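Good morning, and thank you for the time.

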Amino acid sequence: MLLQNRTALALGLRMCSTHVMKGPLMHTARPVSDISEFRTVFSKAKHIAIITGAGVSAESGVPTFRGENEKWRKWQSQDLATPEAFSRTPSRVWEFYHYRRELALNKKPSAAHLAIAECEARLRKQGRSVVVITQCTDDLHRQAGSKHVLKVHGSLMETRCVSCGHVTVNRRSPICAALKDKGSPDPDVADAQIPVDKLPRCGESDCRGLLRPNVVLFGETLDSHILTKVEKEMETCDLCLVVGTSSIVYPAAMFGPQIASRGVPVAEFNMNTTPKTEYFMYHFQGPCGTTLPPALARHESEVI
């Protein structure tokens with residue numbers, strides 16, 4: 001298997017780290033930014049894996065957990081996105097996620113989202129495949145038209161019952177009456193302290209359990225079924241793009257380097273270099289909405 005250490009990686013916890021893992025991975029020579037060379041490689045690829053991160057959605061106006069959006073009210077976002085925080089203060093955590101849901105529901109796909117979806121649809125007609133392996137929890141890849149999307153960190157547009165485990169798509173706005181107009185990130189806004197029985201509840205008969213966002217919180221294990229599919233794609237792809245990700249959240253940060261370790265060309269598209277840039281063959285710096293569309297556009301060799 002490509003991911004030999006499933007305990008440490010494939011079944012690892014979602015965690016944020018700036019540690020650069022060495023292990024058996026091989027560093028490449030300094031990555032190049034030759035778009036013509038990349039396009040030649042792209043034209044020959046049959047199975048393309050595109051790993052996307054928060055930078056893709058940031059260009060649509062969806063805030064990330066970092067930088068100026070690292071805090072929500074007076075709390076660090078990463079401290080709210082934990083199972084312990086949800087257990088202690090479900091009202092506060094639901095306000096936080098309600099804020100993020102409402103923002104995402106009102107955003108449109110970026111140029112990068114649209115380029116990926118167009119590429120997938122075009123190459124499908126040629127018998128070639130594109131899979132999106134995303135760390136984003138919004139709905140923008142789907143809105144853009146991407147069909148083959150693996151969400152390794154779950155979805156804000158799904159809920160999961162903490163009692164019966166039922167998962168359902170949920171794009172209601174607001175998600176429940178008690179959360180209407182709640183969730184302001186202003187540090188001067190007090191917690192709503194919504195009673196638990198007024199928070200989103202399970203619609204399954206005879207359950208009515210508390211719902212939570214169906215996202216992977218920090219410290220939780222990633223979905224093994226999704227990771228099995230990710231492994232398969234990582235083992236079979238012949239080109240990989242790493243787009244808009246800081247490459248510091250594990251285990252997803254290792255997907256690109258693991259693919260590169262097979263000798264597969266990996267191209268990074270990001271505003272800056274990352275802790276994993278040195279493992280990749282190509283690096284294209286700048287906004288993904290600017291660099292990605294020409295990289296994925298129809299190649300002159302394509303016959304449709």
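Predicted model: local features only at pLDDT ≥ 70, side-chain atom pairs only at ≥ 80, totals over all residues.

The pairing of β2 with β10 is parallel and runs over five bridges. Ile 48 also has a bridge partner in β5, namely Val 130. There, β2 and strand β5, residues 129-134, run parallel and are joined by six bridges. Strand β2 itself covers residues 47-52, and five of its six residues are buried.

From β10, residues 239-243, we move to β12, with which it pairs in the parallel sense over four bridges. Val 242 stands opposite Glu 268 of β12. Glu 268 in turn stands opposite His 283 in β13. Strand β13, residues 282-285, runs parallel to β12, and four bridges join the two.

How far is β12 enclosed by the rest of the structure? Five of the five residues in this strand, 266-270, are buried, so β12 is largely enclosed. In regular strands, side chains alternate between the two faces of the sheet. In β12, Val 266, Glu 268 and Asn 270 point one way, whereas Ala 267 and Phe 269 point the other way, and all are buried.

Let me now turn to the core. The largest nonpolar core has 27 residues, and Phe 65, Ala 81, Trp 94, Phe 96, Tyr 97 and Leu 179 have the most contacts inside it. Two or more residues come from each of α4, α5, β7 and β9. Helix α5 gives the most, with five residues.

Definitions and conventions. Residues numbered from 1 in each chain as written. Heavy atoms only, no water. Buried < 20%, exposed > 50% of the residue type's maximum accessible area, 1.4 Å probe, protein only. Pairing = 2+ DSSP bridges. Core = buried A, V, L, I, M, F, W, Y, C linked by side-chain atoms within 4.5 Å.
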